[in-house]
Amino acid sequence: MKKTELLLVFFSFLFLWPGLSFALNGKSNIALPLIEDAIAEDMPYDSGGDILLRWPADEDDEGVVYEIYAKTESSENEWKLADSFKAFEKTADKMRMPFWAWSHGSDEYAVKIPIKSVDGDADIGTVLCFKIKAFRDGKPIAESAILCASSDDNWFNLPRLNGLLMVILITAAFFMTMSRAKKKGLFIRRIAGLDAIDEAIGRATEMGKPIYYSTGINGMSSVNTIASLSILGEVSKKVAEYDSIIKVPHYDPIVMSVAKETVKQSYIEAGRPDSYHDDANFFLSSDQFSYAASLDGMIEREKPAACFFMGYFLAESLLLTEVGASAGAIQIAATDSESQLPFFFTSCDYTLIGEELYAAGAYLSKEPMLLSVLKLQDFGKLFMMLSVLIGGIAIALAAVFHCDGFVKGLLDFFTNY
Amino acid sequence: MENSMSIILGGWLSAGLTIFLFSFLYKDNPLFKIAEHLYLGVGMGWWFIVLLYGTWIPKAYEPFMQGEYVLIIPVLLGLSLVTQFIPRISWISRYGFTFIMGYGAGLVLPLNLATDFMAQIAGTIKPFSQLASMSWGAIINSFLIAIGAVCVLAYFYFSVEHKGIVKKASNIGIYFLMIYFGASFGNTVMARFSLLYGRFDLLYDFSGASYAFATPIIIILTVGFFALKHFMDKKKNSGAAQP
């Protein structure tokens with residue numbers, strides 16, 4: 001054999017060796033091309049639960065499947081598959097982030113890996129390592145270097161900047177309306193159901209029968225309960241003036257304590273502190289139907305002249321008002337629990353719908369503080385109406401003229417991240 | 001199939017309490033009162049145990065015993081509410097209430113703003129960005145939702161007198177509300193009926209020999225009780241009316 005032939009056989013063997021080796025061992029030892037510029041970092045603006053992986057997307061990626069393997073830095077365990085997706089499925093522009101907090105586009109991949117999915121015991125600060133592998137037709141074609149990063153809890157959630165701006169706007173508007181309410185007073189249109197309160201209390205006084213007032217079955221942190229208590233203050237003030245009797249059965253002990261203070265204060269403001277009885281407010285049960293059964297029994301036995309159901313109610317609404325109606329009481333209900341409103345309509349004399357519950361306290365008391373809150377709510381509604389009308393037209397036109405940036409920007413502003 | 005004594009007793013208790021509560025449909029009576037007070041007491045007892053074993057022990061007592069002494073702050077704030085029972089020091093409870101009110105308002109404000117306000121606007125206008133790819137039905141639906149939202153908001157607008165265009169919009173808003181309430185009413189009534197059927201189904205189950213004929217016997221006894229009470233009341237009243 002000639003020298004050149006020997007060299008040819010040697011080089012052929014050299015080139016064939018990886019394939020031969022793969023066939024013999026079932027896996028390749030060839031160093032795959034590197035996925036360059038891949039980085040692992042803490043997911044920005046989150047509470048420390050995720051790691052973000054980013055690497056450039058290539059136009060030739062069509063048909064490629066990416067797999068991300070992960071493990072904790074300290075563990076001796078095998079790499080674990082953390083995510084798998086087809087090319088262009090998880091480009092950075094598809095990340096659920098607003099434009100003011102995220103500037104990465106479709107030219108790179110961005111994948112969020114929850115740290116708990118890598119290791120259930122992983123916590124903020126645990127260093128995790130990742131390896132990205134690209135496959136085409138089931139064969140590996142590229143892989144990244146080992147990327148390590150740890151998550152961190154961030155103090156400021158920039159994607160929620162829109163919420164902060166709205167809170168600042170609302171606060172500023174509140175102080176402005178408050179100042180106006182104190183100087184000039186604010187107009188509120190007539191709310192029919194509330195005019196009936198005087199009638200109901202007057203009727204109770206004439207009949208010498210008690211008035212039942214239920215604040216609903218929500219806790220003190222609910223807006224409807226707070227609104228209900230502000231109405232209770234006004235109702236009990238009138239009750240004190242007319243020297244009638246009010247009974248307030250409670251579902252929540254904390255609401256009961258606040259209601260006690262409210263009723264007591266109303267009696268003092270009405271100049272009748274001597275008429276106040278501490279047992280006007282009493283606790284029944286924190287169990288929904290026990291509360292309803294007990295209150296039903298009381299209404300049936302005492303046959304009150306008037307029943308007020310103001311606050312949040314669920315399935316017990318009809319159980320209560322039906323008994324009140326059969327006892328011959330004049331009934332006024334107010335709730336923002338929309339599923340129960342139909343039942344109140346059918347069984348009560350007057351029903352305040354949703355927002356009217358919040359407006360009632362301000363309407364009755366005419367207090368600048370409550371009036372300005374109501375005015376503020378109206379500003380909110382006006383803002384919402386204009387946003388729907390103008391925003392709807394603008395977004396439709398922007399979509400027609402392919403102004404995608406404007407469409408995304410507008411939707412980002414109104415989205416909760 | 002024969003049931004054990006405890007299951008039969010359970011059936012009798014369940015059927016009895018159900019019938020006692022249903023007896024309120026006739027009128028207020030001692031049997032209803034028994035069920036009512038039992039329900040109230042059991043409800044209170046149930047919640048006491050739930051709060052004791054679901055909140056107090058795992059979230060306060062056990063972590064505290066394991067050295068999380070910072071828990072003393074929320075525990076003291078919580079206990080301050082109990083001072084309501086002692087009028088002389090009831091003012092201490094205001095610290096707890098103030099914290100609850102402040103915490104509640106702080107938690108609710110950004111949450112409601114995001115979900116009930118901004119997300120609603122986004123949800124209403126978003127379909128208009130996809131009109132080209134939507135079916136006619138979906139387009140009409142999107143417009144209906146937007147018009148409905150604006151008109152219902154107009155109804156709840158309190159700062160102006162409802163005259164002119166505001167009145168027209170709010171009247172349309174009332175139609176939207178009523179359609180919604182009608183649908184909601186029908187939906188809820190159907191759900192309540194299914195609960196009633198469930199109860200009747202149980203009463204039917206308890207009427208068999210395996211439950212020692214609980215339902216028919218309790219119904220007969222209840223009706224007998226009412227008849228006897230009616231007879232005795234009538235006798236008492238007629239006796240009282242005599243000079």
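Is the crossing of H7(A) and H2(B) left-handed or right-handed?

Analyst: The model is predicted, and the values below are computed from it. The crossing of H7(A) and H2(B) is left-handed. Two packed helices are described by the angle between their axes and the distance between the axes.

H7(A) contributes A:Phe289, A:Ser290, A:Ala293, A:Ser294, A:Gly297 and A:Arg301. H2(B) contributes B:Phe32, B:Lys33, B:Glu36, B:Tyr39, B:Leu40 and B:Gly43. By class, the contact of H7(A) with H2(B) comprises 5 nonpolar, 4 polar and 3 charged residues.

Two of the charged residues deserve attention. Side chains of opposite charge can pair when their charged atoms come close. A:Arg301 and B:Glu36 form a salt bridge through their side chains, with an N to O distance of 2.6 Å.

Chain B supplies 56 residues to the contact and chain A supplies 68. Between them, the two chains bury about 5500 Å², of which 74% is on carbon and sulfur atoms. On the side of chain B, the residues that lose the most area to chain A are B:Met118, B:Ile125 and B:Phe158, which together account for 14% of what that side buries.

H10(A), residues 355–365, passes H11(A), residues 368–400, with axes that come within 8 Å and cross at roughly 145°. The crossing of H10(A) with H11(A) is left-handed. Among the residues that meet there are A:Tyr358 and A:Ala362 in H10(A) and A:Leu370 and A:Leu374 in H11(A). This contact has 6 nonpolar, 3 polar and 2 charged residues.

Chain A also contains a salt bridge between A:Lys237 and A:Glu234, whose closest N and O atoms are 3.9 Å apart. These two residues are separated by about one helical turn because they stand 3 residues apart in helix H5 (residues 223–242) of chain A.

Finally, the domain assignment divides chain A into domain 1 (23–150), domain 2 (158–174 + 373–413) and domain 3 (190–366). The C-alpha centres of domain 2 and domain 3 of chain A are 37 Å apart.

Notes:
Residues are numbered from 1 along each chain as its sequence is written. Chains are lettered from A and ligands numbered from 1 in the order in which they are written. This is a predicted model: local features need pLDDT of at least 70, side-chain atom pairs count only at pLDDT 80 or more; totals for chains, interfaces and linings use all residues. Side-chain values use heavy atoms; hydrogens and water are left out. Axes are lines fitted to C-alpha atoms, for helices over the stretch in contact, and angles run from 0 to 180 degrees between N-to-C directions. Helices (H or I, at least four residues) and strands (E, at least two) are DSSP runs, numbered from the N terminus. A crossing is left-handed if the near helix is turned anticlockwise from the far one by less than a right angle, and right-handed if clockwise. Contact means heavy atoms within 4.5 Å. Ala, Val, Leu, Ile, Met, Phe, Trp, Tyr, Cys and Pro count as nonpolar, Asp, Glu, Lys and Arg as charged, and the others, Gly among them, as polar. Domain bounds come from an automatic or database domain assignment. Buried area is the accessible area (1.4 Å probe) that two parts lose on being put together, summed over both. A salt bridge is a side-chain nitrogen of Lys or Arg within 4 Å of a carboxyl oxygen of Asp or Glu.
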